[in-house]
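Welcome to this short tour. Please open your viewer and get ready to select residues as we go.

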Amino acid sequence: MEKQSSPKAEVAELELEAVIGFNGHVPTGLKCHPDQEHLIYPLGCTILIQAINTQEQNFLHGHGNNVSCVTISRSGVYIASGQVTFMGFKADIILWDYKKRELIARLSLHKGKIEALAFSPNDLYLVSLGGPDDGSVVVWSIAKREAICGSPAASLNVGNATTIIFSRCRDEMFVTAGNGTIRVWELDLPNRKIWPTECQTGQMKRIVMSITIADDDSFFFLGTTTGDILKMNPRTKLLADTGPVKDKFSLGVSAIRCLKMGGLLVGSGAGLLIFCKSPSYKPIKKVQLQGGITSITLRGEGHQFFVGTEESHIYRINFTDFKETLIATCHFEAVEDIIFPFGTAELFATCAKKDIRVWHTLSNRELLRITVPNMTCHGIDFMKDGKSIISAWDDGRIRAFAPETGRLMYVINNAHRIGVTAIATTSDCKRVISGGGEGEVRVWQIGCQTQKLEEALKEHKSSVSCIRVKKNNEECVTASTDGTCIIWDLVRLRRNQMILANTLFQCVCYHPEEFQIITSGTDRKIAYWEVFDGSVIRELEGSLSGSINGMDITLEGVHFVTGGNDHLVKVWDYNEGEVTHVGVGHSGNITRIRISPGNQYIVSVSADGAILRWKYPFTS
């Protein structure tokens, strides 16, 4: 066995073609740019600039951790974004140039998290609010890219401030609000101070979730967790009115926007979007959406607007007819698996938590969604004839669905004791091989109407993480988290060979000539093994940190790809054992990765719900 420490060759960058993903949990994270042609929203550590009418995407990379807030200046020249970081460390704010799509400056003062950001109306200042561990509000000069002054955001006897909004007319006034605190601030530039005035709400105690201000600064409106709206006067700092008195908004007013023509757009935590007016706040128009509403952003004056929800849906709504159009959607839980149908790269399927989704590759469109509520799908596979999607679920069932309609074709009940964790199909479409959380590998015979257990192979001591079947269907290999990979004879239904290593195996692949397999797992090593006698041929250092969770090999066997907890997609030369390309773009742990049939794309999926499509770097 040879140990290899490869000299650093020049490693090229993988080209990122498309991202399917939107973090709907960021409050007011979805923004429409003033040019009315682009949407800007966060996904993990990245900020996406998505053209509304075309497929074009741009990415702003620069944050080292998840983005927690995004804002755009009124002129549209600047974008600012803040992130979360670990306790006690500084969290960065990044100022971006929108036209050039590049980083202008990093502003770091706050610790732990940036809660909210706002630009002044004439792009002179940026004001930032630190998270609960920081609790300060800081005003930055955009021209000098430095802090002018700061102050604690709320007094000691109330909760934290969580939202912020700048005046629409004056560069010297802004409002912060949060748990029991509403403050109007005045910036005193000559003395480099900011002066707060506490707003009086009398007996009312409220936790503010969202905030908006009228175009002429006459009033600002606050949405609360109680589900009502407070209307405040910024000059007198007094409460003008509050409502609705009766039917309050379920799960709080999580998003609120003032319209130029008067009236408010209000989004609730229960997914209800409403147009209403002060002082009654009774719904004039309403529409029910999926997932709690976290952002409402206007396109232009507000004849059309976009709404983002917690379930990562982006809707376009025209004000006149108030009907929703779903324009983008993605997984909002960790994606567990990705699979292409046999021989085509036109579409692919992914699974996450309770749903399986089929995507059109080129347009990033969701074609089909199959939902099984309150269950978790751990793995999927297409039958080779393309007539069914076989899926593995944590309730111990194997379910088969029709890929065009999503109709449930059959269920195998009690397939495994501790959930089905891995699944594979044979190319003659007559067998399904499943692995369970208890370590059993089961071979199922699939007839026209019947599904019969052919054999239960009990060797593994812990859950099965990956199953791959040989092309001639006479052999398969299963990887398990007990530190073994077993090669099974599918004709005699016995074990042929066992591979032992001090690791939790996460993934395994047959070399297309099928005399070698490659494995990887939590020890970060990529190992090549002889199928015939189970001996190790060589080991490569797969990554510098974190487990390797996914791997796939081309049909020719010249290159393979890996992805894992270091968030990098790596393309390897099989014979040299060296990295040729690296793809940077994920911000969660990569869970699975596939090369499309025909070697056009690499698709990788991650624990933050993102699906990334990369251009395959070699022409086949």
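Here, buried means under 20% relative accessible area, exposed means over 50%, and partly exposed lies in between (1.4 Å probe, protein chains only). This is a predicted model, in which local features need pLDDT of at least 70, side-chain atom pairs count only at pLDDT 80 or more, and totals for chains, interfaces and linings use all residues. Residues are numbered from 1 along each chain as its sequence is written, and side-chain values use heavy atoms, with hydrogens and water left out.

Start by selecting Glu17, which is partly exposed at 29% relative accessible area. Strands are DSSP runs of E with at least two residues, numbered from the N terminus.

Next, select Asp355 and Arg357, whose side chains form a salt bridge at 2.9 Å, N to O. Asp355 is buried at 4% relative accessibility, and Arg357 is buried at 0%.

Now show strands E50 (residues 525-530) and E51 (residues 536-541), an antiparallel pair with five bridges; pairing requires at least two DSSP bridges between the strands. Between them, Gly534 takes a positive phi near 75°. Finally, pick Lys525: its bridge partner in E51 is Glu541, and the two also form a salt bridge, with the closest N and O atoms 3.8 Å apart.

Note on methods
Helices (H or I, at least four residues) and strands (E, at least two) are DSSP runs, numbered from the N terminus. A salt bridge is a side-chain nitrogen of Lys or Arg within 4 Å of a carboxyl oxygen of Asp or Glu.
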